[in-house]
Amino acid sequence: RLELPFPVPLHALWIKHRGGGGIPTVRYKSYGQEAWAAIAQQRPGKLKGAVSVFVRLVAPDKRRRDGDNLGKCLLDTLKTHQIIEDDDNRYVKRLTLQWADDGPPCVVLVQPFEGQVAA
């Protein structure tokens with residue numbers, strides 16, 4: 001179980017430049033520093049191989065938000081801090097997001113992937 005700051009949405013992660021790719025925004029860099037401090041304090045375990053990631057979010061205000069725009073920031077953070085090996089489909093087999101009305105801004109549970117969900 002890992003508590004993190006509320007993630008930065010996809011559109012606010014990078015500033016695009018002519019050569020392709022992007023430069024991290026000040027907001028994304030700030031999030032990275034806050035997340036690093038939270039992770040260092042909590043000392044979560046690190047998992048190898050395929051994982052399931054569950055994310056519980058509490059929005060900081062009443063604005064409407066798209067949860068799928070927040071996943072990139074979170075998965076990048078887990079990868080950067082080596083909580084998961086990588087954030088591609090070889091490793092993240094399941095990503096579940098849940099909105100809640102109260103509690104910490106972002107709670108992440110990472111577990112070994114244990115199989116398929118019934119279709």
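Trainee: How many bridges join β4 to β5, and do the two run parallel or antiparallel?

Mentor: They run parallel, joined by 7 bridges. Two strands count as paired if DSSP finds at least two bridges between them, so with 7 bridges β4 and β5 qualify. One spot to look at is Ser52, which stands opposite Arg94 in β5. Before you go on: this is a predicted model, where local features need pLDDT of at least 70 and side-chain atom pairs count only at pLDDT 80 or more, while totals for chains, interfaces and linings use all residues. Residues are numbered from 1 along each chain as its sequence is written, and side-chain values use heavy atoms, with hydrogens and water left out.

Trainee: What makes residues 2-4 a strand, β1, and how does β1 pair with β6?

Mentor: Strands are DSSP runs of E with at least two residues, helices are runs of H or I with at least four, and the numbering starts at the N terminus. Residues 2-4 therefore pass as a strand. β1 pairs with β6 (residues 106-112) in the antiparallel sense over 3 bridges, and Leu2 has Val108 as its bridge partner there.

Trainee: Which sense does the pairing of β4 and β6 have, parallel or antiparallel?

Mentor: Antiparallel, over 7 bridges, with β4 spanning residues 51-57. Phe54 stands opposite Leu109, and Val53 is bridged to Val110.

Trainee: What is the strand order in the sheet, and what makes a strand an edge strand here?

Mentor: The order is β1-β6-β4-β5, an open sheet of 4 strands with mixed pairing. β1 and β5 (92-99) are the edge strands, as each pairs on one side only. From one strand to the next the twist averages 20°. Helix α2 (residues 71-80) packs on this sheet, touching β1, β4, β5 and β6.

Trainee: How do you know the direction of α2 relative to β6?

Mentor: The two directions make about 55°. Axes are lines fitted to C-alpha atoms, for helices over the stretch in contact, and angles between N-to-C directions run from 0 to 180 degrees.

Trainee: What makes α2 "mostly covered"?

Mentor: Count its buried residues: 7 of 10. Buried means under 20% relative accessible area, exposed means over 50%, and partly exposed is in between (1.4 Å probe, protein chains only). Among the buried ones in α2 are Cys73, Leu74, Leu75 and Leu78. Their cover includes β1, β2 (14-16), α1 (26-42), β4, β5 and β6. β4 is mostly covered as well, with 5 of its 7 residues buried.

Trainee: What about Gln82: what stands out in its phi, and is Gln82 buried or exposed?

Mentor: Gln82 has a positive phi of about 55° although it is not a glycine. Its place is the loop between α2 and β5. At 52% relative accessible area Gln82 is exposed, because the cut-off is over 50%. Arg43 also has a positive phi, near 50°. Arg43 sits in the loop between α1 and β4, and with 72% relative accessible area it is exposed.

Trainee: What makes the largest pocket a pocket, and what is its volume?

Mentor: On a 1 Å grid over the protein atoms alone, a pocket is an open set of points with protein on both sides within 12 Å along at least five of seven lines; lining residues have an atom within 4 Å of a point. The volume, meaning the space filled by probe spheres set on the points, is about 220 Å³. Lining residues include Asp61, Lys62, Arg63 and Trp99.

Trainee: How does that lining divide by class?

Mentor: It has 4 nonpolar, no polar and 5 charged residues. Asp, Glu, Lys and Arg count as charged, so Asp61, Lys62 and Arg63 fall in that class.

Technical notes:
1 Å grid on protein atoms, 1.4 Å probe; cavity = no way out; pocket = protein on both sides within 12 Å on 5 of 7 lines; lining within 4 Å. Contact = heavy atoms within 4.5 Å.
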